[in-house]
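Reader: I've got a model open and a few things to ask about it. Shall we go through them one at a time?

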Amino acid sequence: MIAAKQTPGASLWRDAWRRLSRNRLAVASGVAFITVTLICLLGPFVSSFDPSKADLQSSYQPPSADHWFGTDGLGRDLLVRTLSGGQISLTVGILATAVSLVIGVTWGAIAGYFGGRTDSLMMRFVDILYSLPFVIMVILLMVMFGRNFILLFAAIGLVEWLTMARIVRGQVMALKNTEFVEAARALGYSRLRIIFRHLLPNIIGPVIIYATLTVPAVMLLEAVLSFLGLGVQPPMSSWGLLINNGAEKIDVYPWLLVFPAVFFSLTLFSLNFIGDGLRDALDPKSSKD
């Protein structure tokens with residue numbers, strides 16, 4: 001008798017990658033995001049123009065062979081300023097998301113696992129913060145600690161963790177009474193070890209999905225703060241600050257708004273489509289598709 005050929009099983013992550021790679025929109029968005037990121041990181045170092053050096057004789061020049069995106073009111077090359085602004089916007093988005101993940105995941109995991117009064121006290125604090133105006137909280141934090149670039153992403157991250165805490169809490173509460181957690185308790189493992197070594201690795205999927213969707217939300221919030229004059233301060237630039245400056249003169253010098261807005265919009269759309277693709281790929285209900 002000829003033995004039946006066995007098909008090797010695929011791991012969760014390999015299966016998720018297979019589904020993600022079949023999502024053309026998510027793959028194209030990933031390529032677009034990586035391309036924009038690399039251009040923003042490398043472009044200012046390759047160009048001969050200084051993003052902060054003024055040249056009043058070249059102010060408000062339209063796009064040309066010398067200045068592909070034109071120049072602003074101080075004669076600075078808009079292409080280089082758009083790329084350097086992308087560095088700031090992407091840095092704020094990624095670092096603020098990292099801060100929110102550290103706080104939100106830790107807070108939600110502890111509240112969900114311990115339960116009882118600990119859970120009630122911790123989540124009531126989250127509810128109180130939810131009831132406060134979101135932008136007002138960021139403004140207060142920046143007024144208290146100053147308009148420093150480092151404090152900008154910290155201030156945003158400190159108010160972006162609330163939803164993540166709720167998501168992680170719900171996931172932990174659903175898993176904390178399962179067999180593998182009971183086995184860990186029977187072996188005498190501490191609560192913190194069970195949380196960080198056994199529970200969190202099993203909820204990494206929703207965390208990754210929400211983190212991908214948090215980055216564009218943070219970048220959008222930074223743009224709003226720049227419109228209010230509380231974002232990145234000159235001579236530094238960000239996409240939000242460039243869009244704000246360009247909106248003031250869109251009827252006369254439209255290129256000041258169009259080019260930063262295109263980069264900003266492309267990045268936001270890419271990240272959102274990547275998040276949607278990851279959500280579909282990591283959905284356990286679609287594992288048999």
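Reader: How much space lies in the second largest pocket?
Author: First, a caveat: this is a predicted model, where local features need pLDDT of at least 70, side-chain atom pairs count only at pLDDT 80 or more, and totals for chains, interfaces and linings use all residues. Residues are numbered from 1 along each chain as its sequence is written, and side-chain values use heavy atoms, leaving out hydrogens and water. A pocket here is an open set of points on a 1 Å grid over the protein atoms alone, where a 1.4 Å probe fits, with protein on both sides within 12 Å along at least five of seven lines. Its volume is the space filled by probe spheres set on the points, which are joined across faces, edges and corners, and for the second largest pocket that comes to about 160 Å³.

Reader: Which helix gives the most to the lining of that second largest pocket?
Author: Lining residues have an atom within 4 Å of a point, and helices are DSSP runs (H or I, at least four residues) numbered from the N terminus. Both α3 and α11 supply at least two lining residues each. With 3 residues, the top giver is α11.

Reader: Is asparagine 244 buried or exposed?
Author: Asparagine 244 sits in helix α11, residues 239-248. Buried means under 20% relative accessible area, exposed over 50%, and partly exposed in between (1.4 Å probe, protein chains only). At 13%, asparagine 244 therefore counts as buried.
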